[in-house]
Amino acid sequence: MMKKIQILLAVGLCLFLLTPFQLLAQEITVTGIVTDADGERIPGVNVLIRDTGSGTITNNDGEFEISIEADGVLVFSYIGFESKTVQVDGRTSLEITLQESLAELGEVVVLGYSERGMREISSSVVNIQGEDLQDITSPNTTRLLQGKAAGVFMSTASGSPGSTPDVRIRGAGSISANAAPLYVIDGVIAGSGSSFDVNTLNPRDIESITVLKDASATALYGSRAANGVIVVTTTQARPGTSNIDISSTVGVNRRTDGNFQVMNSAQNFEYHELMGNPNLDPSFLDTDTNWQDLAFDRGLTQEYQVSVSAGSELTSFYISGNYYNEEGTLISDNLERLAGRLNLTHQVDERVNLSASLSGSYTNEVNNPTGALYQSYTNLPWDRAFNEDGTIRTGSESGWLGRDQTNFLYPLQYNWSNNRRQYLAGSVRVEYNILDWLYASSSNRATLNAFRSESNADRRTPAGSTNNGELSNSYDYSTSFLTSNLLHANYDFDNHTISGIAGVEYQHLYSDGMSGTGIGIEPNLEILNVTAEPLSLGGYKNESTFFSVLSQMEYSYQNTYFLSLSYRLDGSSRFGIDNRYGNFYSIGGSWLLSNESFMDNFEAVDLLRLRASYGTTGNAGIGNYEHLGLFAYTVQYAGNPGAIPARTPNPELTWEVARQANLGLDFELFERFTISTDIYQQTNEDLLLAVVLPATAGFSSRTENVGSVRNRGLEVEISSNNIVTNNFSWTTDFNISFNRNRVLKLSDGDDILAGNQRIMEGSDKNTWYMRKWMGVDPENGDPLWEVLERDDDGNIISREVTSSYNDASLQPVGTASPDFTGGIRNRFRYGPVSLSSFFTFVSGNDIYHSARQLFDSDGGYPGYNQMVLQDGWSRWQQPGDDATHPRAVFGGNQNSNSPSSRYIEDGSYVRLQNVTLSYDVQPDLLNRIGLRALRLYASGDNLLTFTSFSGMDPEVGIETAIADTKYPISRKLLFGIEIGL
């Protein structure tokens, strides 16, 4: 009996002792909401049970429900906010408030192959969020970057709709090879230069753009990263959200002429009197035609976007459609584009994740086919555009005074020129989780691009009259396929974190095309086979492949010391059989000094980080068959096909290599100021250079690995929260970049002629080389240039002036490279009202105003209209005049309008790129009308330009730096609405 009692007591004691543990292990259901500091609910917040990997996300109203042990711990995390850890302690209802993380340096940045927090990055990168790109209305994504990233210089040679700017990151280190950056879209290489048309990318679909500048950031793209990398991340749906977004923008465009103005009838008459035109007649003053008003008109810009996104714990999608239409300010000039995108992600099971995207666009361009841009400035105001009965004059009638005898309005009735492009891109990515710290991925992307161009010169017009009408067609077709197969590792232990990437990539590029022109065609016919005979036929096929093995390792200790190593082996079919492979590597490190204990006394310093990196990248931006000896089968003899030698082989041709060192310092002060500075040096070696061969070789040039170019620079970025209160805020973002370029080595030290520029060892790559203008002889009004006398070693021993253009000496007279570039943005918010302004600036670049050779010709082109002299300019008229312009002489004054430094001008400018005023409807009203968001705004683009440049616009092509009769940029006034459902 006693034994049974002992057993019962033992069992009872055990039950008593186990009861607390059973209570502690009991699962409860916890519900709650997550808000930001302003009380706004946050959808899509990750709610994880610590140390388990399981969890949920908040719904569209910021609410969540989760089952967890009563003593469990929840971790709340969301991009842009500090993570928060909460002990449940048996509670069944929680209200969680997340605090925004420190701007910029606290955010997650997409680097292409990986994502990193800005605090963990040892590289020089700039991250720009999508909302910061949307102030400018343009179909071109890169144009939205202008002035917003230190070290990125871009300039557009044309203001036509859809024109693409030149982009250079930290200067241009190549001479003959492609100097454009590499574009990466959603982690997959898209292309560079002519291999990728950035106009196919809808700016409204962009979530962020990251610019990779130094070798530590770009080396993993080794083969084509010598010119920097632009990583584009498109919008993805966030888990727990279900949104419909609609936006509409409509506005008007007007041309801007800058400081350039041509003469009216009376001004032109006075000018011809000065030059002594023997054919001058007072009756000329009876006509005063403004040809610019006939060639240009106000245009309409329209953009409409609809997107739908939704996400659950397993599946999310984003789908969008966009329509963009911009009428150019030049008559009969228009760009129309339709674009669409689908981004889809799905978690198949605990191990497999799948993502896919499909994007496409259709673009139609209508181009003015008449030369109206040029003729609107050259045509004399004395010529009438219309007959007395209102019919359009042709320009060939008797009494037409202008030199070219053309009236662009006449052929506009019959001639046309159209371009059409279809673009389709699809990608699939599969991720397989092998272990908690290891997964494999396979990213595959294919693109198809079809382009067609058509133009017609009617036989009734001057352009078509010679051949009884002309019709031209051209077709271009290209495809690409890339597969990237990688292993990703991320392992934590103690205070150490090691992550890495290793894998292989393969890319195949193909393109073909043809063109043909037929002559002899009846009006209103549009098919080549109805032409009487062919005038020309052409075609091409191109194919190339790249194969790469890549790896990267990153290590951090105590989140304070960071190290990054990368290596990439690249092979390309573009190089000789013996040198197809190149090795590229990088090493980078950073030290987060603000985590050290010795910084505890510096309370003003929120973050202090030192970065350093060194590495190599490559450039393969040449034609596909430059290493081969080729014959051209483009000749015939007696009706039989023939071939001639076209290129001498170079089996040793290999990669151009860029070696770059970077040192950076980042710091935050008073939780208000963020400052990043970088100094760098990049030296491009073994340049892919078109070397001129001697005449006896039988070939004009051959691409060889020779030469070296160096770029050095300083970059500064500053972000400031100037004033931040509950009702008012003012923030400023500023960046400035300085770059110096020098050619270190050329083939045998020989200069390279490039128009009016000359590439020389020891000089800037974009050095102007021409006769130096010395002004006007005050005694007779003759032009003056400089004559240099040199000794046998080339040293200058004397300087004189001459009025003989042929006797003047060619010499360096400036450089097209700017001293510095940058931008500044200010944002003001008062309650629901926001105002932002954005300025860009360029300083110190010399540009050649070639249009002045025609419009400021001192009588050299009496049959063309001339420009009105700028304030401070004067023309010589009598002995003793201290004038800027020579005496005007009918037919020209001793070649005074020939190329010289007379027409080199300072291209510096400051441009008010955008001003936007917006109103965000407040939540209480939104709730009453059933909307998630509603924003109204007015915006102005290219509103003001401050410059001393005498031309239409100081923004010109980066490499040519020539200002001709440029298609004017448009000043736009736009109104828009954004609706969130």
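Among contacts in the protein chain between residues at least 6 apart in sequence, what percentage join residues at least 24 apart? In this predicted model, for which local features need pLDDT of at least 70, side-chain atom pairs count only at pLDDT 80 or more and totals for chains, interfaces and linings use all residues, the share is 67%, where contact means heavy atoms within 4.5 Å. Residues are numbered from 1 along each chain as its sequence is written, and side-chain values use heavy atoms, with hydrogens and water left out.

The protein chain contains eight helices and 51 strands, both assigned as DSSP runs numbered from the N terminus (helices being H or I of at least four residues, strands being E of at least two). The C-alpha trace spans about 145 × 65 × 65 Å along its principal axes. The radius of gyration, taken over C-alpha atoms, is compared with a globule rule of 2.2 Å times the number of residues to the power 0.38; for 981 residues a compact globule would have a value near 30 Å, and the 33 Å of the protein chain agrees with this.

Of the 981 residues, 51% count as buried, a class defined by a relative accessible area under 20%, with exposed set at over 50% and partly exposed in between (1.4 Å probe, protein chains only). The protein chain exposes about 44300 Å², of which carbon and sulfur atoms supply 53%, as calculated by the Shrake-Rupley method with a 1.4 Å probe. Side chains counted as positive (Lys and Arg) or negative (Asp and Glu), with His and the chain ends not counted, number 67 and 116 respectively, and the centres of the two sets lie 3 Å apart.

Strand E24 (residues 470–493) runs antiparallel to strand E25 (residues 496–519), to which 24 bridges join it, and Tyr-491 has Ile-498 of E25 as its bridge partner. Two residues lie between the strands of this hairpin, in which Asp-494 takes a positive phi near 50°. E25 is also joined by 24 bridges to the antiparallel strand E26 (residues 533–557), in which Phe-547 is the bridge partner of Tyr-506.

Val-262 lies in the loop between strand E17 (242–255) and helix H3 (265–275), and with a relative accessible area of 9% Val-262 is buried. Beyond its neighbours within four places in sequence, Val-262 is in contact with Gln-267, Gln-292, Tyr-377, Asn-865, Gln-866, Met-867 and Val-868. The C-alpha atoms of Val-262 and Trp-291, which are 29 residues apart along the chain, are separated by 9.9 Å.

Key: The place of a charge is taken as NZ of Lys, CZ of Arg, CG of Asp or CD of Glu. Two strands pair if DSSP finds at least two bridges between them.
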